[in-house]
Amino acid sequence: MIVAEQKPLNEIKALIADADKVLILGCGTCVTVCFAGGEKEVAILASQLRMATRLDGQEKEIRELTVQRQCEFEYNELAADYVSDADIVVSLACGIGVQTMNEQYPDKLTVPGLNTGGLSQPTEQGVWEERCQACGDCVLALTGGLCPVARCAKSLLNGPCGGSQRGICEVYADRETPCVWDQIYKRLEKLGKLDMLMEIQPAKNWHSSRDGGQRKIVREDLRL
Amino acid sequence: MNYTKRLLAEVGLEPERLEMFFLSSAEGVRFAEIATEMTERARRLGPSPLKNEKRFEQPTEVEG
């Protein structure tokens, strides 16, 4: 899922400093599941902002709403009355939701209340680890289902590098992050497919990733 | 509880205004102790700055 974390309260306060009426707009999909921008988090932030702005002597009217999916226009239509009534919108969605709102309601500024943090898997309660970098040319079939693009600090396609020590990556200060190439080796060994590693992968074409600029998927069969 | 205390601190309120205690309905003495402790704490911290200030204004003496 797309994961995100709330920005510090003071940063959000600064974003809304000039507004009197503020709408906190949550999203009911990915950021609800990762406890960053769902109905509950909207209520908590709204409550914090009510108290904080009152203590600052600049009390604001804070309204709350959560739509099912802020990255799609039709869901945000339900927020129209709330948006028109507000001076500014604080979006508790990922960066896609923020941009959808700004495009859909061009006369109103929607600012981000979250920092979007990647495409991650919840590996334990309260922990999300990045698993996919959306590179646009999936290599998981070559690597036993573990992604070296997202999980190797160097995104190596022919790993491991010399910094893999006893299965641990040298890059991370925690000295606990596993070397994904060590994991790939062990996985392919278990599957009896170590010979796959004998094939040297050519340099990846990053054009399908960010190097080609903004990406766009068009499905002609689905277009109206 | 720690999370909620942190939220209060971020806002600028004293986190010790909030506390949670576990006790059974049979522990009347303990309940009284807790009530006393929290009352003393509230007195020490003073009125919540979020409350309506008028409520805490001292009645002014009427002249004459």
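Modeller: Here are the conventions, and then your questions in turn. This is a predicted model, in which local features need pLDDT of at least 70, side-chain atom pairs count only at pLDDT 80 or more, and totals for chains, interfaces and linings use all residues. Residues are numbered from 1 along each chain as its sequence is written, while chains are lettered from A and ligands numbered from 1 in the order in which they are written.

Colleague: How is chain A divided?

Modeller: Into domain 1 (2–118) and domain 2 (134–202), with bounds that come from an automatic or database domain assignment. The C-alpha centres of the two domains lie 38 Å apart.

Colleague: What is the strand order in the four-stranded sheet of chain A?

Modeller: The order is β3-β2-β4-β5, in an open sheet with parallel pairing. Strands here are DSSP runs of E with at least two residues, helices are runs of H or I with at least four, and both are numbered from the N terminus. Two strands pair if DSSP finds at least two bridges between them.

Colleague: And which strands stand at the edges?

Modeller: β3 (61–67) and β5 (110–112) of chain A; each has a single partner strand, so one side of each is left without a neighbour in the sheet. From one strand to the next the twist averages 25°.

Colleague: How many bridges join β4 to β5 in chain A?

Modeller: Three, and β4 (residues 88–92) runs parallel to β5(A). A:Val89 stands opposite A:Thr110 of β5(A).

Colleague: Which strands do α3 and α6 of chain A lie across?

Modeller: α3(A) lies across β2 (21–27), β3 and β4 of chain A, at about 170° to β3(A). α6 (residues 95–104) of chain A lies across β2, β4 and β5, at about 170° to β5(A). Angles run from 0 to 180 degrees between N-to-C directions, and axes are lines fitted to C-alpha atoms, for helices over the stretch in contact.

Colleague: At what angle do α3(A) and α1(B) pack?

Modeller: About 35°, between α3 (residues 39–55) of chain A and α1 (residues 2–11) of chain B, with axes 9 Å apart. The contact is made by A:Ile44, A:Gln48, A:Met51, A:Ala52 and A:Leu55 on one helix and B:Leu7, B:Glu10 and B:Val11 on the other. Contact means C-beta atoms, placed from the backbone, within 7 Å.

Colleague: Last one: which peptide bond is cis?

Modeller: The bond from A:Gly159 to A:Pro160 is cis, with omega near -5°. A:Pro160 lies in the loop between α7 (148–151) and β8 (164–165) of chain A.

Key: Two residues are in contact if their C-beta atoms, placed from the backbone, lie within 7 Å.
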